[in-house]
2 protein chains.
Amino acid sequence: MLTYKAPIADIKFLFEDVLDYYKHYEKYPEFEEATPDLVDAIIQECAKFSENELLPLNQSGDKEGCQFDNGQVTTPKGFKEAYQQYVQGGWAALSHDLEYGGQGLPSSLGMIKSEMMGTANWSWAMYPGLSHGAMNTLDVHGSEEQKQLYLTKLIEGTWTGTMCLTEPQCGTDLGQVKTKAVPNDDGSYSITGTKIFISAGEHDMTDNIVHIVLARLPNAPEGTKGISLFIVPKMDVDSQGNILGENNVSCGSIEDKMGIKASVTAVLNFDKAKGVLIGPENKGLECMFTFMNTARVGTALQGVCASELSYQNALIYAKERLSMRSLKGAQQPEKVADPIIVHPDVRKMLLTQKAFSEGGRAMIYYASQLVDVIENSKDEKERKRADYRLGFITPILKAFLTEVGLESANLGVQVFGGHGFIKEWGMEQIVRDTRIATLYEGTTGIQALDLLGRKILLSRGKSLKSFTMEILGFCKDKSMISGNPHKRQMNKFIWPLSKAAANWQQYTLRLALKAKKDRDFVGSASVDYLMYSGYITMAYFWAKMAQAAYEKLASGVENRDFYRAKIKTAEFYFERILPRTKSHAATMMADPKSLMQLDEELLSFL
Amino acid sequence: MLTYKAPIADIKFLFEDVLDYYKHYEKYPEFEEATPDLVDAIIQECAKFSENELLPLNQSGDKEGCQFDNGQVTTPKGFKEAYQQYVQGGWAALSHDLEYGGQGLPSSLGMIKSEMMGTANWSWAMYPGLSHGAMNTLDVHGSEEQKQLYLTKLIEGTWTGTMCLTEPQCGTDLGQVKTKAVPNDDGSYSITGTKIFISAGEHDMTDNIVHIVLARLPNAPEGTKGISLFIVPKMDVDSQGNILGENNVSCGSIEDKMGIKASVTAVLNFDKAKGVLIGPENKGLECMFTFMNTARVGTALQGVCASELSYQNALIYAKERLSMRSLKGAQQPEKVADPIIVHPDVRKMLLTQKAFSEGGRAMIYYASQLVDVIENSKDEKERKRADYRLGFITPILKAFLTEVGLESANLGVQVFGGHGFIKEWGMEQIVRDTRIATLYEGTTGIQALDLLGRKILLSRGKSLKSFTMEILGFCKDKSMISGNPHKRQMNKFIWPLSKAAANWQQYTLRLALKAKKDRDFVGSASVDYLMYSGYITMAYFWAKMAQAAYEKLASGVENRDFYRAKIKTAEFYFERILPRTKSHAATMMADPKSLMQLDEELLSFL
């Protein structure tokens, strides 16, 4: 049986000591309610709900899965009731607009909520998660009327939402979307087409579902420039939100998947369903892009959640399971064997999980702070700067954190040995649930092209330079030449980090030159480049955490062990994880020829 | 739906051009029947059986799983019939002793059989696979009477076999085995205890199952030195093999697992079951060790099978799925988009799968040749040399090939994008089925300790030196200074390979010195060291394959593309995969302090 305790001390460490969240909140008058007391209370309540209500439904939800019967979907036992509790607890409204019934708290608090709930039960958390995506779309692109009708219902949790993008012939390449939207006389549209892979696309939790649908107007330009966005409710409603009847949206089937079995993945058939346009005609993809970063950071979170859950359970097991003796001699001679945690390789697996969980969380919370700025700053320059930075780190977070999250989940299985393969322990489920994370919301390959091709090369390296400047600025501040009182201890991080940041720039420049001569250099280097970037980015956050821990220790704080553990984990990261950049650096610089020279027909002789 | 075609050209390339198998067979008079004609016929028949009978049961077997009802286990539809066909086709007898009804063909041919059947359907192949393990035990340690009774039945396939080692409290650490064997007056023993994780432990394919059971005699020494081996049939039999009745062996339950769902994993309760001792008293573990290498190479094979099956299907999909355009511009402008195989990163994933499949197969076939020598050579020195080498490479094969096999299976899912997560395609099943491979038959961590601790450091580096001498000998033979007509082309492989082999020795020496001062260095370096060793070993086999391909091309052979593809895949391996050694080299040399300094209690503050 899986256990989970919300890592409140870790969360507060980031909030208070590393990322200075309260000072950040103070900058925005609308966050005046986000005081330490309130934030603490929210974290405590959220932890309780996640640990007591959502975790117990995690493995049972996997076992039961969603049931499909003649267009109706039944979610696993307890899911509906947990959703009711979620709504009653006001969680749906937490970080949404006061004007439409929200509580107006910062998005970054919403992320902490998502983290705890998502760690306890990612499948369940996808239902509110998708609503969140629909709410963001309405918030930014909806008309006042659309917001009053749909956003209000979503914020109060009476309805849930979806994002309907993928079709059988296309997922990544949305220019191929075929779903049609034909104007009706009343200003609405008739939507016809098939959408697949629709998370939360049909369920029994609410009476209505608000689908945000990508479709093509008659005579729209071909490709990505001819796609528009529509609101298509499952049930037809009047302007007050009263349900009038069916709206020709039917669920054709649900997918049988490797994992997240309790999260429904629907095939939706729109057969002249009534919808309304949201945002300008033919600008649907651009509208989607406005909050794509937030959505992708939300998916990056899955890697951290998986890593945390797997780590917590692997650690318990490693302390209990007795097998063999330490090579140094018996550590617990009174027992029939030593607990496996005495073995260095078991510790290496656990520390890898720990480093990825805590390092990943720091990266996510950093991004959340940027989202707060983007959504709330009155200073356009500041807003743009935050948006630029978020755009740069999003593909790193999405791809890197889901890849290492999957690795961490697999390490958790490995710590359990053969028992990790058995369902009742729950460890293998974390792997299955997390396997989707490197695929949806843009595969790792797509994120890598976004990072290197679009974000870096198109900006002529500016986006990278601005981020490495931040890293090098930190290094300078904390280095030997600065007045940092912890400079001596920090040196072991500062030196490799500044070297890594400088190399990152160097390699990028060389890649840019090579890509000019051969466009395939971008695709050929991209995934290695992304992972390379991810390891350096995480090193930056581990160095920041170490610095914060030294400062706390110097301040004479209690619970000194907590801060010492942070520093030692940072040391582990720098010695055992950061060197992975060496291999990625070597392979990303290799000539694309080794990938492209073999003709397609010569890849197999069967 | 998964497809599979046996890679006959690849198999024959290794047989004929790389490893000179026919010359090898000619050395042993008992293999005189293993002529090219017979081998070809066997390969063709085996391919047919695997493709037509076993593959169709792969996904259905996963869906249906094994059913447990009141001690009885029902295997998925078609499994029993396929087993009957297997027996009727004489496959069970292929590489076993003529004296007991076998066909007396080389073990290496048995490995090819296992490869094809295991690729088509690993779960199904585990039933005959476990019989094979029991047969090996009987063959080496059984008395004439035991062989006449049990081995004959296993070879004819009338009964199947198992290996009963694991108990709830121990898997790796078999010194903790509690199952008891009490002598009876008639020379037999009463066996009592619980065994778990017993593959093929109960099923409906045959009337009887021969369990090979580890148990403890009364007053046996504690730990590993007090364990004996017993034959315990499920059904009590007379000396002619007629079934007399139940033998107090019952199946308590079966495990619900992540994968290999069609392969039953039983909990077996022995309640004064009648057994006979096999091998000497208290020498059970040593008896097991005699063929542990073969068993582990058999598990290493799972990595190759997974990689091959995943690659074949990913390649088909990558040629068909249309998404986006090449960054170089449209490659197939007549289509709505280019097939994804134009994208460099998709090619990188496919080539990684290809390199692991073909490189892994070469490593397995090399090991198989050693097994042939061990089993058949009359020259004790030659036999010992082969055994020594097999002992050295076994942990590398087992851990490295299952780790990269799992990576390859995951890459196959990644090529499919979101569709890879959906069951009907079968790609996610390969990941689930293969996840067990790094766990059973000794986890990756255990293999790594075996390699570095036992095989290398205990031999004072001799085992490694002898293998790197083989590699360096090959390099010298094929290098610039030799008479090799392909020396110019081979240079790109010879130089990095000889450098890698030399580094391998250097690092090992340094590790040995460090381990003398701190025993934790062994465990702390071991897994990185093993992966490092694996990448170099595979590089050796890719260089050998490249050399063989150059020779074939020079000989004016037809099907030149086949050989060119081998060379280009070798180039890919050296440029894109071998550099992974850089990171492993860096992290394996790190001080164990970074793993051990954090007290167990400081690993979590929940």
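**Figure 1. Packing of helices α12 and α15 in chain B of the predicted model.** In this predicted model, helix α12 (residues 380-415) of chain B packs against helix α15 (residues 462-477) of chain B at an angle of about 95°, and their axes are 10 Å apart. The two helices, α12(B) and α15(B), are therefore roughly perpendicular to each other, since angles of 65 to 115 degrees are classed in this way. On the side of α12(B), the contact is made by Tyr388(B), Arg389(B), Phe392(B) and Ile393(B). On the side of α15(B), Lys462(B), Ser463(B), Leu464(B), Ser466(B), Phe467(B) and Glu470(B) take part. Sorted by class, the residues in the contact of α12(B) with α15(B) are five nonpolar, two polar and three charged.

**Figure 2. The contact between chain A and chain B.** Chain A contributes 99 residues to the contact, and chain B contributes 99 residues. Between them the chains bury about 9,100 Å², and 61% of this area is on carbon and sulfur atoms. Phe421(A), Arg576(A) and Leu603(A) supply 9% of the area that chain A buries against chain B, which is more than any other three residues supply.

**Figure 3. A pair of helices from the two chains.** Helix α17 (residues 520-554) of chain A packs with helix α11 (residues 344-376) of chain B; the angle is about 55° and the axes are 7 Å apart. The helices α17(A) and α11(B) are therefore oblique to each other. Chain A provides Asp520(A), Gly523(A), Ser524(A), Val527(A) and Asp528(A) from α17(A), and these meet Pro344(B), Asp345(B) and Lys348(B) of α11(B). By class, the contact of α17(A) with α11(B) comprises two nonpolar, two polar and four charged residues.

Figure 4. Phe68(A) belongs to strand β1 (residues 67-69) of chain A. With a relative accessible area of 32%, Phe68(A) is partly exposed, because this class lies between the limits of 20% and 50%. Although Phe68(A) and Ser253(A) are 185 residues apart along the chain, their C-alpha atoms are separated by 6.9 Å. When neighbours within four places in sequence are left aside, Phe68(A) is in contact with Val73(A), Cys251(A), Gly252(A), Ser253(A) and Ile254(A).

**Figure 5. Two loop residues with a positive phi.** Most residues other than glycine have a negative phi. Asp20(A) is not a glycine, yet has a positive phi of about 50°. This residue, Asp20(A), is located in the loop between α1 (8-18) and α2 (21-26) of chain A, and is partly exposed, with a relative accessible area of 38%. In chain B, Glu441(B) likewise is not a glycine and has a positive phi, of about 55°. Glu441(B) is placed in the loop between α13 (427-434) and α14 (444-457) of chain B. At 34% relative accessibility, Glu441(B) also counts as partly exposed.

Figure 6. According to an unreviewed UniProt entry, residues 163-272 of chain A carry the feature "domain: Acyl-CoA oxidase/dehydrogenase middle". In the model, residues 163-272 of chain A are 0% helix and 46% strand, and the end C-alpha atoms of this span lie 18 Å apart. The unreviewed UniProt entry also gives the annotation "domain: Acyl-CoA dehydrogenase/oxidase C-terminal" for residues 282-450 of chain A. The span of residues 282-450 of chain A is 71% helix and 0% strand, with its end C-alpha atoms 22 Å apart.

Notes: Residues are numbered from 1 along each chain as its sequence is written. Chains are lettered from A and ligands numbered from 1 in the order in which they are written. This is a predicted model: local features need pLDDT of at least 70, side-chain atom pairs count only at pLDDT 80 or more; totals for chains, interfaces and linings use all residues. Side-chain values use heavy atoms; hydrogens and water are left out. Helices (H or I, at least four residues) and strands (E, at least two) are DSSP runs, numbered from the N terminus. Buried means under 20% relative accessible area, exposed over 50%, partly exposed in between (1.4 Å probe, protein chains only). Contact means heavy atoms within 4.5 Å. Axes are lines fitted to C-alpha atoms, for helices over the stretch in contact, and angles run from 0 to 180 degrees between N-to-C directions. Angles under 35 degrees count as roughly parallel, over 145 as roughly antiparallel, 65 to 115 as roughly perpendicular and the rest as oblique. Ala, Val, Leu, Ile, Met, Phe, Trp, Tyr, Cys and Pro count as nonpolar, Asp, Glu, Lys and Arg as charged, and the others, Gly among them, as polar. UniProt positions are given in the numbering used here, feature names are shortened, and annotations may be inferred rather than shown by experiment. Buried area is the accessible area (1.4 Å probe) that two parts lose on being put together, summed over both.
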